[in-house]
Amino acid sequence: FLLSYMQNIFHFYLFMLLKALGGSTAGGQVTLVSTVSWFEQKRARALALATAGGTLGGLLVVVVAVLVESMGWREALRVMALVLLLWGLLAGSNVRTRPLNHHQGKDGIPLPADSNYEDARRWGAPLNAVLRTRTFWLLAIAQLTMFFAITAIVVHHIPYMENSVGISKTAAAVGSAIFAIASLVGRLIAGEAADRFDKRIVLAVVVMLSVIAMPAFAFVQNLWQSALVLSVIACGTGGANPIRTALLADYFGTRSFGVINGAATTVGTLGAFLGPWLVGLTVDITDGYTFGFVFTGVIALFAIPAVLASKPPVQLIADYGPGGRG
């Protein structure tokens, strides 16, 4: 809402900072913490479904583009603020973290008669122990490289499609909507696969999809080529997010999951900050997007060996898992 009244670049930075603080504290992090507390065997699938709303929100890019072109960006921001306020309060007030000894077991599986069973299953290592593990830092680095690449694509793809490919803002927004749909499909398929097979292998495969497609985006020539390449990128990145989160919960438990995931996301946010800025810098220097988009694929490639090397922290699980000293 405040952004709609900005008059200079200082206003923009200040209001975007406020927006980022709100989004990072009351957004996906809360959803993830709540979801992992309710699911274990079907955790990746549940996370894929729980985060689908954010992906489906990408479909509204077309609506936003129409609002901006019809009433201007200031009025469009005010409409968006009102919708977010009303719907956010309604949806957010119904989010619950699963209490201990709840009558419904995790994944909907009935609990045994022993009421202490659930207390034993809700295990988790403290943050200070997690930060000393190689596994945590490998997953955090993988998240950093993926956030670097995908945030750069998300920020720059509409200007690129307008200025370099030569299509209108609304048509470029259609590409964004297709991106959102593909991300949802990739998220659901990857979530299902991750609950059936080794999560690390599935995660490496979906990341490879994005790695292959990112450089190709620099060479598209029309809307349909753009939509096709964006769809492949979106399937990969959309599928990666719930699996990475599920791995953190599997490896480190759910008792301190909020702060652990927050620490990993903080590392990833560094990539989200650097990606758009560095790619934008290469656009200014080279007067084109080719180098920048190829660069995103190279950076994202480092996530694959990091993921494959992130094996379960056996000693930590023995110490803090069910029956451990923690």
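How many salt bridges does the count come to? Counting a salt bridge as a side-chain nitrogen of Lys or Arg within 4 Å of a carboxyl oxygen of Asp or Glu, the count comes to six.

Some housekeeping before that. This is a predicted model, where local features need pLDDT of at least 70 and side-chain atom pairs count only at pLDDT 80 or more, while totals for chains, interfaces and linings use all residues. Residues are numbered from 1 along each chain as its sequence is written, and side-chain values use heavy atoms, with hydrogens and water left out.

Okay, salt bridges. Take Asp250 and Arg43: their closest N and O atoms are 2.9 Å apart. That pair links distant parts of the chain, with Asp250 in helix H12 (residues 223-252) and Arg43 in helix H3 (residues 43-50), 207 residues apart. When I say helix, I mean a DSSP run of H or I with at least four residues, numbered from the N terminus.

Are the two partners buried or exposed? For the words: buried is under 20% relative accessible area, exposed is over 50%, and partly exposed is in between, using a 1.4 Å probe and protein chains only. Arg43 has 3% relative accessibility, so it counts as buried. Asp250 comes out at 24%, so we call that one partly exposed.

Next, helix H10 (residues 169-196). Glu192 and Arg196 are four residues apart there, so about one helical turn separates them. Their side chains meet in a salt bridge, 3.0 Å from N to O. Glu192 is partly exposed at 25%, and Arg196 is exposed at 60%. There's also a network, by the way: salt bridges that share partners join Arg43, Lys199 and Asp250.

Then helix H6 (residues 73-92), which has Arg78 and Glu75 three residues apart, so again about one helical turn. Their salt bridge is 2.6 Å, N to O, and Glu75 is partly exposed at 36% relative accessibility.

Arg78 has something else going on. What does its charged end sit over? The ring of Tyr5, 4.3 Å from the ring centre. The rule for that is NZ of Lys or CZ of Arg within 6 Å of the ring centre and within 35 degrees of the ring normal.

That brings us to rings in general. A search of the whole structure finds twelve aromatic pairs. Rings of Phe, Tyr and Trp (its six-membered ring) pair if their centres lie within 6.5 Å; planes under 30 degrees apart are stacked, over 60 edge-to-face, and the rest tilted. Tyr251 and Phe252 have centres 6.3 Å apart and planes at 85 degrees, so they are edge-to-face. Both are buried: Tyr251 at 6%, Phe252 at 0%. Now compare Tyr289 and Phe293, which are stacked, with 5.5 Å centre to centre and 20 degrees between the planes. Those residues are buried too, Tyr289 at 10% and Phe293 at 0%. And going back to Tyr251 and Phe252, they belong to one aromatic cluster together with Phe136 and Trp137.

On to the surface. Tyr5 turns up again here, in a nonpolar patch with Phe1, Leu2, Ile9, Phe10, Phe12, Tyr13, Leu14, Met16, Leu17, Leu18 and Leu21. Together they have about 1,200 Å² of accessible area, by the Shrake-Rupley method with a 1.4 Å probe and only the protein chains shown counting as cover. Patch members need over 30% relative accessible area and no salt bridge; like charges are joined within 9 Å, and nonpolar side chains (Val, Leu, Ile, Met, Phe, Trp, Tyr) within 5 Å. Leu18, for one, is in helix H1 (residues 9-26) and is partly exposed at 47%.

Thr35 is in helix H2 (residues 28-38) and is buried at 10%. Which residues does Thr35 touch, not counting those up to four places away in sequence? Ala46, Leu47 and Ala50, where contact means heavy atoms within 4.5 Å.

And Pro126, which lies in the loop between helix H7 (117-121) and helix H8 (127-130). Pro126 is partly exposed at 28%. Leaving aside neighbours within four places in sequence, Pro126 is in contact with Ser256 and Tyr320. Pro126 and Leu248 are 122 residues apart in sequence and 13 Å apart in space, C-alpha to C-alpha.

That's what I had; thanks, everyone.

Note on methods:
Helices (H or I, at least four residues) and strands (E, at least two) are DSSP runs, numbered from the N terminus.
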